[in-house]
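The exercises below are meant to be worked with the sequence and the 3D view side by side. Try each task before reading its solution.

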Amino acid sequence: MSISRRGLLLGFSALLAGCADTGSVARLNYAALPDERFPLPAVPLDQIEPDLRRQDVAYPASYAAGTIVVDTPARRLYYILGNGRAMRYGIGVGREGYALAGNAYIGRKAEWPSWTPTPNMIRRDPDRNLKYAGGLPGGPNNPLGARAIYLYRGGNDTLFRIHGTNQPRSIGHAMSSGCVRMLNHDVVDLYDRVKPGDQVVVLQAAA
């Protein structure tokens, strides 16, 4: 066998191995989480575009390690790892997700949080939201999903949340309501990486 043909075959084998490894990582990332307070089933990978799945990517930027960067126009969220790398997640962005731009920080975070619609949400859609004015307890049908990360400025809640969802097909799209939604599996992963006080940068489209 010629050297060039051998090299081609070796390269093709390495490519297949790389694809298999990528698929294995994805299956592991989105496997069932039976130990959750409300157990999470595995996410069918055919419901998540490959580019929207959680993955470690090159991200050459000047942000400090531990910073969250929400790229609203691109429907991506990055957790900065340092050394030019970041963990990238696909996100869906609701109407409230366009209400904040610039710097903020994590004021608090919660597992299986309760949800209370904002006054604007109640005014906009009372038939849907007024019944939850007193709050909806955490659970699999709660709009905030498995985790919520609350963003603050100057000690005040911005009402901007990064939260979970059990609707995989909504990731990568603009939604009619909510802030920044992630797959429940992804928001669990991000939640475990961050702590109150960590910096958040929200990028919006140029005016």
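**Exercise 1. Find which residues lie nearest the centre of the largest pocket, and which element gives the most to its lining.**

Solution. Begin with the lining, which comprises 36 residues, with W115, M121, P143, S177 and G178 lying nearest the centre of the largest pocket. A pocket is here an open set of points on a 1 Å grid over the protein atoms alone, where a 1.4 Å probe fits, with protein on both sides within 12 Å along at least five of seven lines, and a lining residue has an atom within 4 Å of a point. Next, look at the elements: helix 2 (119-124), helix 3 (126-129) and strand 8 each supply at least two lining residues, and strand 8 gives the most, with five. Helices (H or I, at least four residues) and strands (E, at least two) are DSSP runs numbered from the N terminus. Finally, the space in this pocket is about 800 Å³, a volume being the space filled by probe spheres set on the points.

This is a predicted model, in which local features need pLDDT of at least 70 and side-chain atom pairs count only at pLDDT 80 or more, while totals for chains, interfaces and linings use all residues. Residues are numbered from 1 along each chain as its sequence is written, and side-chain values use heavy atoms, with hydrogens and water left out.

**Exercise 2. Trace the strands that pair with strand 8, and state the sense of each pairing.**

Solution. Start from strand 7 (residues 147-153), which pairs with strand 8 (residues 156-165) in the antiparallel sense over six bridges; two strands pair if DSSP finds at least two bridges between them. At the turn, R153 has N156 as its bridge partner, and G154, in the hairpin with two residues between the strands, takes a positive phi near 55°. Then move to strand 9 (residues 180-183), which runs parallel to strand 8 and is joined to it by four bridges. Here G164 is partnered by M182, and T165 by L183.

**Exercise 3. Decide whether D186 is buried or exposed, and list its contacts.**

Solution. First locate D186 in helix 4 (residues 184-193). Because its relative accessibility is 0%, D186 counts as buried, the term meaning under 20% relative accessible area with a 1.4 Å probe and protein chains only. Lastly, leaving aside neighbours within four places in sequence, D186 is in contact (heavy atoms within 4.5 Å) with Y30, R54 and Y89.

Terms used. Buried means under 20% relative accessible area, exposed over 50%, partly exposed in between (1.4 Å probe, protein chains only).
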